[in-house]
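Subject: A structure for you to look at

Hello,

Here is the structure I promised to pass on. Please open it beside this message, and then read on for what turned up in it.

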Amino acid sequence: MAKTKKSENVPKKVVNSSANALYVLDVFLIDGPITEEFIANNPEVSRTIEIKGSNTLEELHKIIFKAFDREEEHMYEFQIGGNGPQDPNARRYGLKQAFSSSGLTPTPTGDVSNTSIAEVGLSIDEAFGYWFDFGDDWWHQIDVTNILDQAPTGKYPRITKRVGASPPQYADFD
């Protein structure tokens with residue numbers, strides 16, 4: 001699986017965000033332990049998520065976890081402010097226990113449990129990374145497709161669109 005149609009050089013539309021803003025995110029699975037047969041049957045695997053600025057990165061992780069039908073929790077991080085997933089210059093937000101783990105260089109910028117979506121300064125047309133399971137390495141690209149000044153009444157975060165099947169969390173390569 002490859003990066004999405006979003007270019008790393010697309011100019012970003014800066015938006016003043018608030019806790020009441022609504023972020024529309026397209027989450028693409030771009031790499032992981034997936035069989036060739038699965039890829040042939042599902043050339044694109046993506047989910048559209050709506051989330052409020054007041055929601056945390058931890059809540060974004062939980063809705064992505066649900067959207068891709070994952071079963072077992074693992075470590076994860078978000079990489080924001082770079083040129084998409086795996087950019088070493090991006091700001092990294094992870095789990096609190098990752099801060100005390102030796103070998104993490106550089107130290108994560110912030111804790112997902114107390115960092116809101118509005119705080120990270122996302123812009124329309126920005127792409128950022130989400131890395132789930134540091135052993136199996138599920139890589140996602142998250143594209144910010146829209147930011148509304150005010151979220152309509154409703155429960156957030158929520159999944160609004162699914163493209164492709166969810167791959168099994170642990171593929172059988174036999």
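Let me start with two side chains: R92 is buried, and E77 is buried as well (buried means under 20% relative accessible area, exposed over 50%, and partly exposed in between, with a 1.4 Å probe and protein chains only). Before you go further, please note that this is a predicted model, in which local features need pLDDT of at least 70 and side-chain atom pairs count only at pLDDT 80 or more, while totals for chains, interfaces and linings use all residues. Residues are numbered from 1 along each chain as its sequence is written, and side-chain values use heavy atoms, with hydrogens and water left out.

**Salt bridges**

R92 and E77 join their side chains in a salt bridge, at 3.0 Å from N to O. R92 belongs to strand β4 (residues 91-94) and E77 to strand β3, so this pair ties together parts 15 residues apart in sequence. A salt bridge here is a side-chain nitrogen of Lys or Arg within 4 Å of a carboxyl oxygen of Asp or Glu. Helices (H or I, at least four residues) and strands (E, at least two) are DSSP runs, numbered from the N terminus.

How many salt bridges does this rule give? The count is three. Another one joins R158 and E50, at 2.9 Å from N to O. This pair links distant parts of the chain, with R158 in strand β8 (residues 158-163) and E50 in strand β2 (residues 46-52), 108 residues apart. R158 is partly exposed at 30% relative accessibility, whereas E50 is buried at 16%.

**Aromatic rings**

The whole structure holds eight aromatic pairs. Rings of Phe, Tyr and Trp (its six-membered ring) pair if their centres lie within 6.5 Å; planes under 30 degrees apart count as stacked, over 60 as edge-to-face and the rest as tilted. One of the pairs is Y76 with Y130, which is tilted, with 6.1 Å between centres and 50° between planes. Y76 sits in strand β3 and Y130 in strand β6 (residues 127-132), 54 residues apart. Both Y76 and Y130 are buried. F78 and F128 make a tilted pair too, at 6.4 Å centre to centre and 50° between the planes.

Which residues make up the aromatic cluster? F65, Y76, F78, F128, Y130 and F132 form one cluster.

Enjoy exploring!
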